[in-house]
Amino acid sequence: MTATLVDLDDDDLDDDDDDELDEPVKLAKLPVPPAITIIVRSLMTLAVVSGWLVIYTLGVSSVQQSRTQQQLYNGFREKVALATAPLGGDIPAGTPVAVLEAPAIGLRQVVVEGTTSGVMRDGPGHRRDTALPGQPGTSVIYGHAAAFGGPFRRITSLAEGDKITVTTGLGIFQYEVQGVRRANAPLPARLASGGSRLTMATAEADGWRSGWAPTNVVYVDAVLKGETTLGPPGRPTSVTVAERAMQADPDALVPLVFWLQASLAATLGLTWARVRWGGLQTWFVGVPVLLACLWGTVETLAEFLPNLV
Amino acid sequence: MRRRRAAGLAVLLVSLGVILPGSGVYPAPSDEPAPEFTGTKSMTRAHLRADGTEEAVDSRTVTVTVSQTTNLRNNQQVRVKWTGAHPTHAMGDNPNTVSAYLQEYPVVVMQCRGADTQANPLEPTTCWTQSADQRIFTTNVLTAFPPWRMDRYETPANRKALVGVPNDLPPTCDQSTIVAPSRFVAYRGPAPDNTVYNPLPGRDNVTCGPVLAPDMVNVEDKDAPPANTTFAVTNKQGEGSAKFVVQSEEHNRSLGCSMTVACSIVVIPIMGISCDPTAAALPPEDRPGPLDLRFGEPVCKGTGKYGENERAPLSDIFQIDPAVSGTMWWSASNWRNRITVPIAFGPPGNLCDQADTSLPLDIFGSEMLTQATDQWSTAFCTDSTRFKFRHVRLGEPQAKAALVSSGAQAALASVPPAEPYPISVVSAPVAVTGFAISYLIDDVDGNDYQDLKLTPRLLAKLLTESYPTRSGLRMAYGKVKDDSPYAAYKAMANNPLAVTQDPEFRALNPKVPDAIDNILTSSTVLALSGNSDVMWSLSAYINADPEARAWLNGEKDPWGMVVNPGYKGIQLPLFSWPLLDTFVSADYSSYGGCPEMTPELEATLTPIPYLPLVASPVANLSNIALRVQYALSNAHVNCSVLHDESNMPIGINMGAWGRQSHPRFMLGVTTLGDAAFLQLNTAALQSYSSVPRTTQITDASGRTFIDPNDASMKAAMKFAKPDATTNTWKMQYDKLVSADGATSYPGTLPVYAVIPTQNLTGNHGTQLAQLLRYAAADGQQPGLASGQLPPGYLPMTADNGFGDFVAYTLRAADAVAAQTGQVPLLVPAAPATSSPPPAGNGGGGGGGGGGGSTPTSSALPDAGSRPSASASASPSAAPVPQSAGFTALLSSGLAAWALPIAALIALATFLIGSITRAVTFVVTWWKAT
């Protein structure tokens, strides 16, 4: 009796009870209309997916991100040491280009090239149509405020005069924070010829959204104290829409379709397996497969979130 | 007298301009010299009844006059006037657009190649039209017999179903788009090729042979001057006029008129087609059947769908009666009513290059002398005892600098440089002319407004970008916070949007409509972007006026209008008028009018101040004159989004606004010479005001407004005072705006030929001396022929009181010829300022002179006026704004809602699911037990 109830909650085990009919099974099965079962299970699936999306985005992804950061840092350290770190030109998206440190807020992140949502899962993204840090011009770096570890969560607490250190293949550059800039504030004064500015952008919100659903873009400007260095030419002059601030990455649609297909295939396969193998065995094999599909789907779904969230 | 006519004969007033008898100088609306051509013709519209009798519908006697028909120059504007024509119904916006034929009873004025004689009558095939559309009629107006097929005066051949499709079309030509009934009026190009252009449909189909003459257009460029084909309007009294621009082969090679190829202006008052619906004389297949008659005859006999002088900007032939529209100007009923005006062009502008291939002697400088040198130079290069020279138009400050630094042989200028020339030069007056504020304004009745009055304060308001133009921008001024760097702009929140809404302007010009349509041009006066003595003199005039100066210093005008803070306290005069408005605001985007603008794209654009876009000064005065002539707005606010190959918006282009539609309003700073050549209206400028400057005026009383004409310029030149320091006559602007100068035109300026008296190369000294002697004598003979002084210039003769000018120029000629470094002195009593004054004249700061009593005379321009090499390339630029703009608000709804909604969905679905499950369980259990 109890076993049957548990089964009802969790899977299609009740369908199985057609073969050997006995009293208690009949009691449970008879009055539950299939429509209710389908609705309840669909709702539960939706609950699991969206719940996992929230949990993943705000919690689990930060674990993933810090691991990736660790790997990127190790790789970038080696590249800087070997002088093979990228210095300019057209750098492939996702390549680490700098280490950004702001001791005042305990920030240390490896900055990757490119600012699409997908790339910025790994860390703050450097906008490809701007100069690399330390080179003449303005460098723009985007960072998540909440998702994927929220590396730029606290940059708005940077104060004028705080130091920011950027290490690139060209050397170590000291920037000094000018201030936090929100909408309708005057743009920073025109850069002197040969000067360099670092503009970090992230998102923030007031009220109940604060901390997990930031809406408005906020900027922190810093100017280089010291000499700039020229890098190789050939920087891109424009970026796609997905690489601009607060844009989602529609390219994630393709992997999403694949992940959904994989989930469907896994479900069908496991249903088949359950008929042939029986419940326990199927569960044993199926749970990791289903979890992987769920993870992949939600991870891809997270790329549809704006890149500064 | 003038008032009465203005009230009564509004359109005629257009032509009642200007020009005192026997004078060379332009406008004073009194009377015009007698027109060079007058022609009269009687015309009748009479249908043919079935029984062969006539049914006369309309009969008129039209008289046409043309102001000038000989010695014409390329692009010169003449006035064509007529009386007795049928009043126009359904008036269009602009007589020169490609669709201007969509009017009822227009008067068609066009330029045709050839003369019209009995033996060789003119044909429509040599008449120029702006577009091929104006030469075809392919519309099926409900019948196979459009009016041109019922035209009783047409030849039987021209009444067939298809007319104008040549028999010898190449076999490759796709004729599927050619559907009867259609008529194509070919255009025949000039000799020697006489190429025939058949305006067949599918015009880009090259396999059908030439279809579009090179200078014809398919789509008109709104920012380019239109062709001269005119479909003009006749008023209710049967009178009308058109400013017609004659074009020689220099402008229109496809038409090919020149000194040797005779041409005509053809005036066709459209009366309507005289119909012959029965067509008894025609073969049966060309006779309309009963059904054709039922539909076709009313169309042919149509007399107009609109009332007299009803304004109706149309786009479709079905909206009007085609039989009385301009579209069938070529049909025999209309063509036979033409009045042909033979015209003769004078020597072309490039005559000198054709006559003589040697290099000319270049004289740099003043655009004010352009019209005069155009006529003088042909008299020089065609005379073997003289020499060939070329006037290179250049801003005067650059020309003056070129004398010193680039070895220029002569410069034409009106204002001496701030510091004396470091070489010995003589400044010999060669002409008396000036600048004008030219305008093209449609008044409240839709006629050409001819009575514009401007005060220096109005000019200051227009030049200082103090009219906000857009109500959105004015609201943005109001929202400026007190701690913002633009806090001073808050005061402009009460300024009128445009000059037409300014009570001061309205008081003086009550008949100018307060129109929102032309707000872009009525908030500014088109000025020069570069260095120029014209801008210096204009700003000196404004500076000298106490009213304007007080307003510029920040005082409110009597109605509360204030100066744009960017210009507050500006030091005048200036050689180059700066653009100082820097206002940008998150509340007003200069890209607001941009179609297809996306928020992402707008976020990437730097905010730019709006008013400098509206002001958009241009680089030379002739361009301003052209823009005033055609009311081409130069406000660069015509925004369009640029896309890359994948149709992604990548940027924007801000183009000029271009041609305006009715009612037009255009003001520009031009030379008097250009204004006269193009017959532009010129504003009467205030010479003196006895009204206290705080009075809210309601009319022009107490103020004198002076038109440019011989008398007023003569009066103004009395205030040109010999100045020992610069050896020139200086205009005393403080006197010009005083009661003494009440009758003088403040825009009057002498033009000097500034020529070194030492180290000229070769025989240039002798040659330039010859030019000076010519300018002092024969060159001052008014007239339109080669070598004479064109309109727009006051003859510099002893009779006009310029004896000392002439005498000095002759002395200067001797010095230039001698090349000994001697400079004849204007004021003999000042020996210290003799010839080479390298460092001696320490007090040279006053050299610019002009604004005598004003507080700024000591702070003469520091930009662009140094006689050093650097001056030649330093038009003063607007200062770099402190900040490039404001951070745009960028937020994302997706970011705001994605996660909260996901969380909500998770919670909701979990709750609903659980509850459903629990309820089901309970129900099941209850049923079971």
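Helices here are DSSP runs of H or I with at least four residues, and strands are runs of E with at least two, numbered from the N terminus. The structure is a predicted model.

**Chain A in outline**

Chain A holds five helices and eight strands. Read from the N terminus, its elements follow the order α-α-α-β-β-β-β-β-β-β-β-α-α. Chain A has 309 residues, of which 38% count as buried. Among the contacts in chain A between residues at least 6 apart in sequence, 66% join residues at least 24 apart.

**Helix α3 of chain A and its two partners**

Helix α3 of chain A covers residues 34-81 and packs against helix α21 of chain B, residues 893-928. It also packs against helix α5 of chain A, residues 279-301.

| Helix pair | Angle | Axis separation |
|---|---|---|
| α3(A) and α21(B) | about 150 degrees | 7 Å |
| α3(A) and α5(A) | about 65 degrees | 10 Å |

An angle over 145 degrees counts as roughly antiparallel, and α3(A) and α21(B) are therefore roughly antiparallel to each other. The crossing of α3(A) with α21(B) is left-handed. On the α3(A) side, the residues in contact include Ile36(A), Val40(A), Leu43(A), Ala47(A), Gly51(A) and Val54(A). On the α21(B) side, they include Leu899(B), Ala902(B), Ala906(B), Phe910(B), Gly913(B) and Arg917(B). By class, the contact of α3(A) with α21(B) is made up of 16 nonpolar, seven polar and one charged residues.

The crossing of α3(A) with α5(A) is right-handed. Here Val49(A), Trp52(A), Leu53(A) and Tyr56(A) of α3(A) meet Leu294(A), Val298(A), Glu299(A) and Leu301(A) of α5(A). This contact of α3(A) with α5(A) has seven nonpolar residues, no polar ones and one charged. Leu53(A) is listed in the contact with α21(B) and also in the contact with α5(A).

**The contact between the chains**

Taken as a whole, the contact draws 42 residues from chain A and 37 residues from chain B. On the chain B side, α21(B) supplies the largest share, 21 residues. The residues on that side of chain B divide into 23 nonpolar, eleven polar and three charged.

**Strands in chain B**

Strand β11 of chain B spans residues 240-246; seven of its seven residues are buried, so it is largely enclosed by the rest of the structure. Both faces of β11(B) are covered. Gly240(B), Ala242(B), Phe244(B) and Val246(B) are buried on one side, and Ser241(B), Lys243(B) and Val245(B) are buried on the other. Strand β3 of chain B, residues 76-83, runs antiparallel to β11(B) and is joined to it by seven bridges. Within this pairing, Val78(B) has Phe244(B) of β11(B) as its bridge partner.

Elsewhere in chain B, three strands form an open sheet of mixed pairing in the order β18-β25-β26. Its edge strands are β18 (453-454) and β26 (703-706), each of which pairs on one side only. Strand β25 of chain B, residues 684-689, pairs with β26(B) in the antiparallel sense over four bridges. Leu685(B) stands opposite Ile706(B) of β26(B).

**Backbone details in loops**

Chain B has a cis peptide bond between Ala180(B) and Pro181(B), with omega about -5 degrees. Pro181(B) belongs to the loop between β6 (162-163) and β7 (182-184) of chain B. The peptide bond from Ala191(B) to Pro192(B) is also cis, with omega near 5 degrees. Pro192(B) lies in the loop between β8 (187-188) and β9 (196-197) of chain B.

Phe148(A) is not a glycine, yet its phi is positive, at about 50 degrees. Phe148(A) sits in the loop between β4 (137-142) and β5 (163-168) of chain A. A residue is buried if 20 or more other C-beta atoms lie within 10 Å of its own. Phe148(A) has 29 C-beta neighbours inside 10 Å, so it counts as buried.

Ala631(B), not a glycine either, has a positive phi of about 50 degrees. Its place is the loop between α15 (621-629) and β19 (632-633) of chain B. With 23 other C-beta atoms within 10 Å, Ala631(B) is buried.

Technical notes
Residues are numbered from 1 along each chain as its sequence is written. Chains are lettered from A and ligands numbered from 1 in the order in which they are written. This is a predicted model: local features need pLDDT of at least 70, side-chain atom pairs count only at pLDDT 80 or more; totals for chains, interfaces and linings use all residues. Axes are lines fitted to C-alpha atoms, for helices over the stretch in contact, and angles run from 0 to 180 degrees between N-to-C directions. Angles under 35 degrees count as roughly parallel, over 145 as roughly antiparallel, 65 to 115 as roughly perpendicular and the rest as oblique. A crossing is left-handed if the near helix is turned anticlockwise from the far one by less than a right angle, and right-handed if clockwise. Two residues are in contact if their C-beta atoms, placed from the backbone, lie within 7 Å. Ala, Val, Leu, Ile, Met, Phe, Trp, Tyr, Cys and Pro count as nonpolar, Asp, Glu, Lys and Arg as charged, and the others, Gly among them, as polar. A residue is buried if 20 or more other C-beta atoms lie within 10 Å of its own, exposed if 12 or fewer, and partly exposed in between; C-beta atoms are placed from the backbone. Two strands pair if DSSP finds at least two bridges between them.
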